[in-house]
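Please take me through this model in the viewer, one selection at a time. I would like to know what to select and what is there.

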Amino acid sequence: MTPSIPDHAAAVAMSPWLATARYHLDPAPGGLGLVQDLLNTISAGVPRQPDLLNDLDSAAEWAQQAVAQWSAATGRPAPDVTLDPAGLRELRIFRDELLDEIEARLHATPESGQPATGTATQALTGSRTAGATLRLDEDGSVQLEPAGAGAELLVSLVLAALFEAQLADVARRIKTCRNPRCRVAFYDRSRNNSGVWHSVRVCGHPTNLRAHRARQRQAD
Ligand SMILES: [Zn+2]
C-alpha cells in the first residue's frame, strides 16, 4: 500500500495565507480565502495570537502576502496594495464590521443547521460600499473586477469574493468559532453546513465538557 497524505494536511502545507495559517486551518477555496484571512488577522485563538492589523508594518506585510495569495488562488494578476495610516484604520473598521455581521448571522441561524434567511445573508455586506467593474469577456462571460487603491482595493477584493461566494451559495460556510474566547474564522466543509467549532478538538470538546459539568453541578 502507498501511504497517502490526507487532503487537509496537503492544503495546510500549501497554504501561505498568513493569518489563517496561524490556526493550522484549511483555507477557504479561491478568493474566499482572502475573506477568511482578513477575519483571522484579529487577535484570536487559544492561546491568543497578535492582531496583524495593529501597526502599519505588520499590516503592510499581511496585505502584500494576502494579495499575492489571492492572485494565486484566483489566477488573476496581483494588484499593488499600499496601506497608509488612514487606510489601515478603514481596513480595521471594515474587518470588525464584517466580523460582527458574520457573528450576527451565525446567531440567527437555528441550531438545526438550517440555511440562514435572506436578510441574514444580506447582513454580510452591511451598508459598506466599494467600487468594482463588470467586464464582458470575448468568450461571453462576465467578470467582476475589484477596483480602487490601498485599503479601498482590499475592501473591493473582499466584497467581490463574498459576492461571488453568495452566487455559489458558499458565503454562509464562512464562520467564526462558537467559542467566544476563540473567534477564529473557518470554512465549514461539513455536508450540511453544521460545523460550529474551528477545531472540535481545541474548542468543541473543552466547551462541551464545561457545559456538561455546569449541568451536573445544577443537578446536584
Ligand atoms: Zn475555536
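Predicted model: local features only at pLDDT ≥ 70, side-chain atom pairs only at ≥ 80, totals over all residues.

What is the handedness of the crossing of α2 and α6? It is left-handed.

**Stop one: the helix pair.** Select α2 (32-39) together with α6, residues 150-167. The two axes come within 8 Å of each other and cross at roughly 125°.

Now show the side chains at the contact. On the α2 side, select L32, L34, V35 and L38; on the α6 side, select L157, V158, A161, L162 and A165, which they meet. By class, this contact has nine nonpolar residues, with no polar and no charged ones.

Most residues other than glycine have a negative phi. Is H24 buried or partly exposed? H24 is partly exposed, because 15 other C-beta atoms lie within 10 Å, and the buried class needs 20 or more.

**Stop three: a strand-to-strand loop.** Select R183, in the loop between β3 (174-176) and β4 (185-187). R183 also is not a glycine and has a positive phi, about 65°. R183 counts as buried, because it has 21 C-beta neighbours inside 10 Å.

How values were computed: Residues numbered from 1 in each chain as written. Helix = DSSP H or I, 4+ residues; strand = E, 2+ residues; numbered from the N terminus. Buried ≥ 20, exposed ≤ 12 C-beta atoms within 10 Å, placed from the backbone. Axes fitted to C-alpha atoms, helices over the stretch in contact; angles between N-to-C directions. Left-handed = near helix turned anticlockwise from the far one by under 90°. Contact = placed C-beta atoms within 7 Å. Nonpolar A, V, L, I, M, F, W, Y, C, P; charged D, E, K, R; others polar.
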